[in-house]
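Please look over the sequence and the structure below before reading on. The report that comes after them is meant to be read with both at hand.

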Amino acid sequence: MALVQNRVFVLMDMDININWYPGHMAKTRRMISENLKLVDVVVELVDARIPYSSRNPDLDEICGSKPKIIALNKSDVADKSATLKWIDYYRDLGETAVAIDSITGRGFDALKHSVNTVLKDKFQRDLQKGMKKRPAKMMIVGIPNVGKSSFINKLSKRAGAKTGDTPGITRSKQWIRIPGGYELLDTPGILWPRFEDKKTGLMLAFTGAIRDEVYDVVQVSFSLCEFFKDKFAQNLMERYKLKTVENLSGHEILEEIGKKRGCLISGGEVDLERAARLVLEDYRSQRLGKVTLELPEDITKGNCKDNDGL
């Protein structure tokens with residue numbers, strides 16, 4: 001095990017455990033707990049490509065009975081049919097979920113409608129008590145790099161919240177007024193102290209929710225190649241002009257990709273790190289297709305089923 005400045009990664013062959021819990025995230029956990037009384041509803045942004053792994057299991061405990069809506073962000077880069085399955089899955093659990101795209105604003109009207117619906121009884125009781133109608137106060141929470149800042153910028157029609165692809169860019173609490181009678185309480189991204197299994201860490205690494213510096217990108221790319229070989233082999237073959245990936249390990253697939261893309265060093269050896277970063281970037285930028293990495297049927301008793309290669 002190696003411990004380097006609040007980041008822990010264990011690499012044993014292909015058995016990868018990734019854990020990352022910077023100090024400011026512990027502070028955010030306390031901040032959420034302390035400010036729940038100030039809001040009416042919690043909006044949890046998750047990554048539509050990994051709607052299970054990108055949820056923070058601590059939030060259910062932290063939020064308690066506070067009304068909550070799950071917003072499947074980045075739905076534009078996920079498989080549409082898979083996203084619909086996830087919305088149905090959470091609805092069957094008694095939770096409200098909507099698909100949104102923070103770049104175009106698609107799904108924002110549905111989100112506002114959901115907020116008004118879950119708060120309808122509360123505001124009706126307030127009116128019966130003679131209280132003036134006030135803006136619906138929402139707390140926006142989610143893991144790093146799930147797109148909270150882009151979401152807030154689009155919803156508020158301004159560019160006041162800092163955005164970027166680097167996880168963890170938002171570091172402090174801020175209130176933002178939204179046209180139409182809403183107020184948002186933004187919070188920094190928050191991960192949990194220890195992932196329940198190695199697959200959760202890998203899913204977050206695949207999508208860029210965890211800094212690439214935290215783990216061995218080559219090993220993670222091996223696993224991503226294995227995953228695509230088992231689930232989306234055609235995507236790999238078409239993107240990298242491979243004749244076949246059958247019977248190849250993740251290491252061998254990455255070697256072939258490196259050769260095809262000229263990721264070579266002296267002596268003709270493949271530069272595995274360069275090839276690994278290329279594959280990860282190709283997935284994150286949809287060059288490997290709009291692929292959702294997990295489906296509701298992969299979930300049993302709160303855990304992802306074992307998948308070959310993961």
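## Confidence in the model

This is a predicted model, and its chain averages a pLDDT of 82, with 80% of the residues scoring at least 70. Over residues 159-171, however, the pLDDT is below 50, although this stretch has 33 contacts in the model beyond near neighbours in sequence. Residues 301-309 also stay under 50 in pLDDT, and for them the model has 23 contacts beyond four places in sequence. Where pLDDT is low, the predicted coordinates should not be read in detail.

## Nonpolar cores

The largest nonpolar core holds 61 residues, and of these F151 and L254 touch the most other members. Helix 8, which spans residues 217-231, supplies the largest share of this core, namely eight residues. Apart from this core lies another, of 12 residues, which includes V46, Y52, L72 and Y90. In soluble globular proteins, nonpolar side chains tend to be buried together.

Leaving aside residues up to four places away in sequence, L254 touches V218, S221, F222, C225, L272, A275, A276 and V279.

## The two faces of helix 4

In helix 4, which covers residues 108-118, the buried residues are F108, L111, S114 and V115. These residues lie on the same side of helix 4, because they cover an arc of only 115 degrees around the axis. The face turned away from this buried side carries D109 and H113, which are exposed.

What do the buried residues of helix 4 pack against? Their partners are strand 4 (41-47), strand 5 (68-73), strand 6 (96-99), strand 7 (136-142) and strand 9 (182-186), together with helix 6 (148-156).

## Two polar contacts involving glutamate

E44 is found in strand 4, and its side chain makes a polar contact of 3.0 Å with the side chain of R55. Is E44 buried or exposed? With a relative accessible area of 1%, E44 falls under the 20% cut-off and is therefore buried. Not counting residues up to four places away in sequence, E44 touches R55, N56, L59, K68, I69, I70, A71 and V141.

E297, by contrast, counts as partly exposed, because its relative accessibility is 42%. E297 lies in the loop between helix 11 (272-284) and strand 10 (299-300), and its side chain is joined to that of K85 by a polar contact of 3.3 Å. Along the chain E297 and K85 are 212 residues apart, while their C-alpha atoms are separated by 9.3 Å.

## Aromatic pairs

Elsewhere, ring pairs link F227, F228, F232 and Y283 into a cluster.

How values were computed: Residues numbered from 1 in each chain as written. Heavy atoms only, no water. Phe/Tyr/Trp six-rings, centres within 6.5 Å; stacked < 30°, edge-to-face > 60°. Buried < 20%, exposed > 50% of the residue type's maximum accessible area, 1.4 Å probe, protein only. Helix = DSSP H or I, 4+ residues; strand = E, 2+ residues; numbered from the N terminus. Arc of directions from axis to C-beta. Contact = heavy atoms within 4.5 Å. Polar contact = N/O pair within 3.5 Å; in protein donor to acceptor, adjacent residues only side chain to side chain. pLDDT = per-residue confidence, 0-100. Core = buried A, V, L, I, M, F, W, Y, C linked by side-chain atoms within 4.5 Å.
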